[in-house]
Amino acid sequence: MSLQAIIYKEDRLFVLDQLLLPHQHKYVPVETIEDSFSVIKKMQVRGAPAIAIVAALSVAVGLKNLEEGKDAKAFVIDSLEYLKQSRPTAVNLFEAAHHLQSVARSVDPSSVKQKVIKEAEAILDRDLRDNHAIGAAGRQFLLNHYKGTKSKFTILTHCNTGSLATSGYGTALGVIRALHENGNLEHAFCTETRPYNQGSRLTAFELVHDRIPATLVTDSTAASIMSKIDAIVVGADRVTKNGDTANKIGTLNLAILANYFNVPFIVAAPFSSIDLNLESGSQITIEQRPSTEMITVRGPVVKNADATEFGQEERIHIAAPGINTYCPAFDVTSANLIAAVATEKGYYTPTEDGFSFEVSDESV
Ligand code: MRU
């Protein structure tokens, strides 16, 4: 059975509470726009595509439950304006919001409900299809890059970009899955991804679940294993017009390592992660996260006396009390460190003038 971060069926929306993984597998209902804002902000659901899908589907659920006589167009526009304030860095949320708002503005008022629901549901279906194509594009880049000198690759990845960050299959983890499915994966390494540990809690969980040969390393181990690594593959929260890429904090470290060790550094992302409105990475807003995510970890999972419900969350402090903290959620890797951007339209490689996303360099 494949892991599902988002369940949307019979007009109801649920997200797998990723704060509880890997200890508990529990879905929480998203019934209102406020619920949607909260699960995104608290990172019960996270990952650029998943955030956008949940925002879009929560609007669809809201429309289905909208009271008779309420203004559907205003509901769509206002809800999405609000949801855009949940997390600032990943462009997918803004792109989905812009699309649904334009639909609501452009169609006849009597068909807003039906058209917006249809478009929101299409985002979910399209994402799964695109992820398989991204996986194929990333695999093809590697085969072409190594020109037949290698058919099995050892890949290092960062953060979580798999089924838990998307509608399924994943982007960078989708490349690893595509390699594995085709007998081209030697081994996968995933970093812990401090401070929030998306690597050790979520990516490791997916790799074990899918029986993909993999090893977890601390973020600080990356340099010392580079001689084993054939490529670093990561996802993206926002790629600007010139190819600069915002992704999980620590991605820049890995890109510098890849370039030092002459290993290709690949970004795998849907085309909707490319923000052609921004010229370069310096224009990307980087989200700051609360210091609790750095200075505390979740405590032991204790069951209540009746052993049916889990008890109150307890957090353990792992830093000296009183220390100042700095917790950016993302960093920006400049385009000159990136060998390829794999998308559902194929992969893009830079020319002397850098990346151009208008046309695909090669198709898969
Ligand atoms: O803070 P998160 O967990 O939402 O950050 C996730 C990442 O940085 C992912 O690498 C990115 O969103 C791509 S997910 C396919």
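Some 26 Å lie between the centres of domain 1 and domain 2, taken over C-alpha atoms. The model is a predicted one, where local features need pLDDT of at least 70, side-chain atom pairs count only at pLDDT 80 or more, and totals for chains, interfaces and linings use all residues. Residue numbers start from 1 along each chain as its sequence is written. Domain 1 covers 6-126 and domain 2 covers 136-288 + 326-363, with bounds that come from an automatic or database domain assignment.

Across the boundary, 18 residues of domain 1 are in contact with 22 residues of domain 2 (contact: C-beta atoms, placed from the backbone, within 7 Å). On the domain 1 side, H2 and H4 each supply at least two residues, and the largest share, 4 residues, belongs to H2. Helices here are DSSP runs of H or I with at least four residues, and strands are runs of E with at least two, numbered from the N terminus. That side of domain 1 splits into 11 nonpolar, 4 polar and 3 charged residues (nonpolar: Ala, Val, Leu, Ile, Met, Phe, Trp, Tyr, Cys and Pro; charged: Asp, Glu, Lys and Arg; polar: the others, Gly among them).

The ligand is next. Both domain 1 and domain 2 give residues to the shell around the ligand, so it lies between them. Of the 17 residues around the ligand, the nearest are Arg46, Ala48, Ala165, Gly235 and Lys248 (near: C-beta atom, placed from the backbone, within 6 Å). Helix H2 (48-64) and strand E9 (245-248) put in at least two shell residues each. Sorted by class, the shell comes out at 7 nonpolar, 7 polar and 3 charged.

H2 also packs with H4. Their axes come within 7 Å and cross at roughly 30° (lines fitted to C-alpha atoms, for helices over the stretch in contact, with angles from 0 to 180 degrees between N-to-C directions). H2 is therefore roughly parallel to H4 (under 35 degrees; over 145 is roughly antiparallel, 65 to 115 roughly perpendicular and the rest oblique). In H2, residues including Ala48, Ile51 and Val59 meet residues of H4, among them Asn92, Glu95 and Leu100. By class, this contact has 11 nonpolar, 1 polar and 1 charged residues.

H4 (residues 91-106) has H3 (residues 72-83) as another partner, with axes within 9 Å and a crossing of roughly 165°. H3 and H4 are therefore roughly antiparallel. Lys73, Val76, Ile77, Leu80 and Leu83 of H3 make the contact with Leu93, Ala97, Leu100, Gln101 and Ala104 of H4, giving 8 nonpolar, 1 polar and 1 charged residues.

Note on methods. Contact = placed C-beta atoms within 7 Å.
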